[in-house]
Amino acid sequence: MSKLSKLLREITLVPELKNKLLFTAAIFAAYRLLAHIPVPGVDLLQLKSLFAQNQLLSLLNIFSGGTLANFSIVALGLGPYINASIIIQLLTMVFPQLEALSKEGDSGRERLNYYTRLISIPLAIIQSIGIFALLSSQKIITSASPTHTFAVIVTMVAGTLLLMWLGELITLYGIGNGTSMIIFAGIVA
(Lines give C-alpha, C1' and ligand atoms only; values in the text may rest on other atoms or scores of the structure.)
Protein backbone atom coordinates (compact mmCIF):
# COMPACT_ATOMS: atom_id res chain seq x y z
CA MET A 1 0.00 0.00 0.00
CA SER A 2 2.88 2.34 0.72
CA LYS A 3 4.17 1.86 -2.85
CA LEU A 4 0.79 2.91 -4.21
CA SER A 5 0.63 6.02 -2.03
CA LYS A 6 4.21 6.88 -3.02
CA LEU A 7 3.30 6.50 -6.70
CA LEU A 8 0.23 8.72 -6.29
CA ARG A 9 2.32 11.39 -4.55
CA GLU A 10 4.86 11.30 -7.37
CA ILE A 11 2.12 11.66 -9.97
CA THR A 12 0.78 14.78 -8.28
CA LEU A 13 4.27 16.32 -8.33
CA VAL A 14 4.44 16.19 -12.14
CA PRO A 15 1.87 18.75 -13.37
CA GLU A 16 1.76 17.48 -16.97
CA LEU A 17 1.05 13.91 -15.88
CA LYS A 18 -1.53 15.06 -13.36
CA ASN A 19 -3.31 17.13 -16.02
CA LYS A 20 -3.34 14.20 -18.45
CA LEU A 21 -4.80 11.91 -15.79
CA LEU A 22 -7.47 14.44 -14.85
CA PHE A 23 -8.37 14.98 -18.51
CA THR A 24 -8.69 11.24 -19.10
CA ALA A 25 -10.83 10.90 -15.97
CA ALA A 26 -13.09 13.74 -17.16
CA ILE A 27 -13.59 12.02 -20.53
CA PHE A 28 -14.42 8.77 -18.72
CA ALA A 29 -17.01 10.62 -16.64
CA ALA A 30 -18.55 12.13 -19.78
CA TYR A 31 -18.66 8.70 -21.41
CA ARG A 32 -20.39 7.15 -18.41
CA LEU A 33 -22.89 10.02 -18.34
CA LEU A 34 -23.67 9.45 -22.03
CA ALA A 35 -24.13 5.73 -21.32
CA HIS A 36 -27.13 6.57 -19.13
CA ILE A 37 -28.97 8.81 -21.62
CA PRO A 38 -31.49 6.59 -23.44
CA VAL A 39 -32.62 7.00 -27.01
CA PRO A 40 -36.17 8.42 -26.96
CA GLY A 41 -39.15 6.20 -27.69
CA VAL A 42 -37.92 2.98 -26.06
CA ASP A 43 -39.82 1.05 -23.40
CA LEU A 44 -36.97 0.54 -20.94
CA LEU A 45 -38.88 -1.94 -18.75
CA GLN A 46 -39.48 -4.29 -21.67
CA LEU A 47 -35.89 -3.80 -22.80
CA LYS A 48 -34.49 -4.76 -19.39
CA SER A 49 -36.72 -7.86 -19.27
CA LEU A 50 -35.49 -8.85 -22.76
CA PHE A 51 -31.88 -8.60 -21.59
CA ALA A 52 -32.69 -10.54 -18.42
CA GLN A 53 -34.17 -13.41 -20.47
CA ASN A 54 -31.40 -13.67 -23.09
CA GLN A 55 -27.89 -14.66 -21.98
CA LEU A 56 -26.24 -13.63 -25.25
CA LEU A 57 -27.72 -10.14 -25.04
CA SER A 58 -26.65 -9.95 -21.39
CA LEU A 59 -23.09 -10.80 -22.40
CA LEU A 60 -23.12 -8.16 -25.14
CA ASN A 61 -24.46 -5.67 -22.62
CA ILE A 62 -21.56 -6.38 -20.27
CA PHE A 63 -19.02 -5.66 -23.01
CA SER A 64 -20.84 -2.47 -23.98
CA GLY A 65 -20.64 -1.12 -20.43
CA GLY A 66 -24.39 -1.33 -19.89
CA THR A 67 -25.21 0.89 -22.85
CA LEU A 68 -27.34 -1.72 -24.62
CA ALA A 69 -29.65 -2.43 -21.66
CA ASN A 70 -30.24 1.32 -21.36
CA PHE A 71 -30.38 1.67 -25.17
CA SER A 72 -28.28 4.76 -24.66
CA ILE A 73 -27.18 7.19 -27.32
CA VAL A 74 -23.77 5.46 -27.29
CA ALA A 75 -25.21 1.94 -27.49
CA LEU A 76 -23.15 1.08 -30.58
CA GLY A 77 -19.97 2.01 -28.75
CA LEU A 78 -16.85 2.02 -30.87
CA GLY A 79 -17.80 -1.16 -32.72
CA PRO A 80 -18.25 0.49 -36.13
CA TYR A 81 -14.90 2.27 -35.79
CA ILE A 82 -13.11 -0.94 -34.79
CA ASN A 83 -14.72 -2.80 -37.70
CA ALA A 84 -13.70 -0.02 -40.09
CA SER A 85 -10.16 -0.14 -38.75
CA ILE A 86 -10.01 -3.89 -39.41
CA ILE A 87 -11.39 -3.38 -42.92
CA ILE A 88 -8.74 -0.73 -43.67
CA GLN A 89 -5.99 -3.01 -42.38
CA LEU A 90 -7.19 -5.82 -44.62
CA LEU A 91 -7.52 -3.48 -47.60
CA THR A 92 -3.92 -2.31 -47.17
CA MET A 93 -2.85 -5.88 -47.93
CA VAL A 94 -4.96 -5.97 -51.08
CA PHE A 95 -4.50 -2.49 -52.61
CA PRO A 96 -0.94 -1.29 -53.25
CA GLN A 97 -2.03 2.38 -53.02
CA LEU A 98 -3.23 1.89 -49.43
CA GLU A 99 -0.09 -0.07 -48.58
CA ALA A 100 2.01 2.81 -49.91
CA LEU A 101 -0.02 5.22 -47.76
CA SER A 102 0.64 3.14 -44.67
CA LYS A 103 4.39 3.39 -45.34
CA GLU A 104 4.41 7.18 -45.84
CA GLY A 105 4.75 7.93 -42.14
CA ASP A 106 2.50 10.26 -40.18
CA SER A 107 0.79 11.83 -43.21
CA GLY A 108 -0.09 8.42 -44.64
CA ARG A 109 -1.36 7.11 -41.33
CA GLU A 110 -3.46 10.26 -40.91
CA ARG A 111 -4.98 9.68 -44.36
CA LEU A 112 -5.78 6.05 -43.45
CA ASN A 113 -7.35 7.25 -40.19
CA TYR A 114 -9.50 9.60 -42.26
CA TYR A 115 -10.64 6.69 -44.44
CA THR A 116 -11.33 4.65 -41.30
CA ARG A 117 -13.58 7.40 -39.95
CA LEU A 118 -15.42 7.62 -43.27
CA ILE A 119 -16.04 3.86 -43.37
CA SER A 120 -17.25 3.99 -39.75
CA ILE A 121 -20.29 6.06 -40.70
CA PRO A 122 -22.03 3.55 -43.04
CA LEU A 123 -21.11 0.72 -40.66
CA ALA A 124 -22.71 2.63 -37.78
CA ILE A 125 -25.82 3.23 -39.90
CA ILE A 126 -26.10 -0.49 -40.75
CA GLN A 127 -25.59 -1.55 -37.13
CA SER A 128 -28.10 0.98 -35.81
CA ILE A 129 -30.68 -0.21 -38.35
CA GLY A 130 -30.06 -3.78 -37.19
CA ILE A 131 -30.50 -2.91 -33.51
CA PHE A 132 -33.59 -0.85 -34.33
CA ALA A 133 -35.09 -3.75 -36.31
CA LEU A 134 -34.35 -6.20 -33.47
CA LEU A 135 -35.97 -3.97 -30.86
CA SER A 136 -38.93 -3.21 -33.12
CA SER A 137 -39.57 -6.92 -33.65
CA GLN A 138 -39.62 -7.38 -29.88
CA LYS A 139 -42.13 -4.49 -29.49
CA ILE A 140 -39.64 -2.47 -27.44
CA ILE A 141 -39.65 0.56 -29.74
CA THR A 142 -42.85 2.47 -29.00
CA SER A 143 -43.11 4.31 -32.31
CA ALA A 144 -42.30 3.04 -35.79
CA SER A 145 -42.90 6.24 -37.74
CA PRO A 146 -40.29 7.07 -40.37
CA THR A 147 -39.32 10.24 -38.50
CA HIS A 148 -38.76 8.36 -35.26
CA THR A 149 -36.80 5.64 -37.06
CA PHE A 150 -34.60 8.26 -38.70
CA ALA A 151 -34.10 10.07 -35.38
CA VAL A 152 -33.05 6.88 -33.58
CA ILE A 153 -30.59 5.92 -36.32
CA VAL A 154 -29.07 9.41 -36.48
CA THR A 155 -28.81 9.53 -32.68
CA MET A 156 -26.97 6.22 -32.51
CA VAL A 157 -24.60 7.14 -35.35
CA ALA A 158 -23.92 10.50 -33.68
CA GLY A 159 -23.19 8.67 -30.42
CA THR A 160 -20.57 6.54 -32.14
CA LEU A 161 -19.01 9.60 -33.78
CA LEU A 162 -18.96 11.35 -30.40
CA LEU A 163 -17.14 8.40 -28.84
CA MET A 164 -14.64 8.42 -31.70
CA TRP A 165 -14.00 12.11 -31.03
CA LEU A 166 -13.64 11.55 -27.29
CA GLY A 167 -11.17 8.74 -28.02
CA GLU A 168 -9.10 11.04 -30.22
CA LEU A 169 -9.12 13.68 -27.48
CA ILE A 170 -7.77 11.14 -25.00
CA THR A 171 -5.08 10.13 -27.49
CA LEU A 172 -4.04 13.77 -27.99
CA TYR A 173 -4.40 15.20 -24.47
CA GLY A 174 -4.80 12.25 -22.13
CA ILE A 175 -3.03 9.03 -21.34
CA GLY A 176 -2.80 6.14 -23.78
CA ASN A 177 -4.74 5.19 -26.90
CA GLY A 178 -8.13 6.85 -26.55
CA THR A 179 -10.10 4.15 -28.34
CA SER A 180 -8.62 1.44 -26.14
CA MET A 181 -9.18 3.53 -23.03
CA ILE A 182 -12.88 4.05 -23.83
CA ILE A 183 -13.34 0.34 -24.51
CA PHE A 184 -11.58 -0.36 -21.19
CA ALA A 185 -13.85 2.10 -19.38
CA GLY A 186 -16.93 0.42 -20.86
CA ILE A 187 -15.83 -3.06 -19.80
CA VAL A 188 -14.85 -1.94 -16.31
CA ALA A 189 -18.18 -0.15 -15.87
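Predicted model: local features only at pLDDT ≥ 70, side-chain atom pairs only at ≥ 80, totals over all residues.

Trainee: Why is Val157 called buried?

Mentor: Buried means under 20% relative accessible area. Val157 has 9%, so the word buried applies. Val157 sits in helix H9 (residues 146-173) and, leaving aside neighbours within four places in sequence, is in contact with Ala124, Ile125 and Ser128.

Trainee: What makes Thr92 buried?

Mentor: The cut-off is under 20%, and Thr92 has a relative accessible area of 14%, so Thr92 is buried. You will find Thr92 in helix H6 (residues 79-94). Not counting residues up to four places away in sequence, Thr92 touches Leu98, Glu99 and Leu112. A polar atom of the Thr92 side chain also lies 2.6 Å from the backbone oxygen of Gln89.

Trainee: Why are H1 and H2 called roughly perpendicular?

Mentor: Good one! The axes of H1 (residues 2-13) and H2 (residues 15-34) cross at roughly 105° and come within 5 Å. Angles from 65 to 115 degrees count as roughly perpendicular, and therefore H1 and H2 are described that way.

Trainee: Which residues meet where H1 and H2 are in contact?

Mentor: From H1 there are Ile11, Thr12 and Leu13, and from H2 there are Pro15, Leu17, Lys18 and Leu21. By class, this contact has five nonpolar residues, one polar and one charged.

Key
Residues numbered from 1 in each chain as written. Heavy atoms only, no water. Helix = DSSP H or I, 4+ residues; strand = E, 2+ residues; numbered from the N terminus. Buried < 20%, exposed > 50% of the residue type's maximum accessible area, 1.4 Å probe, protein only. Polar contact = N/O pair within 3.5 Å; in protein donor to acceptor, adjacent residues only side chain to side chain. Contact = heavy atoms within 4.5 Å. Axes fitted to C-alpha atoms, helices over the stretch in contact; angles between N-to-C directions. Parallel < 35°, antiparallel > 145°, perpendicular 65-115°, else oblique. Nonpolar A, V, L, I, M, F, W, Y, C, P; charged D, E, K, R; others polar.
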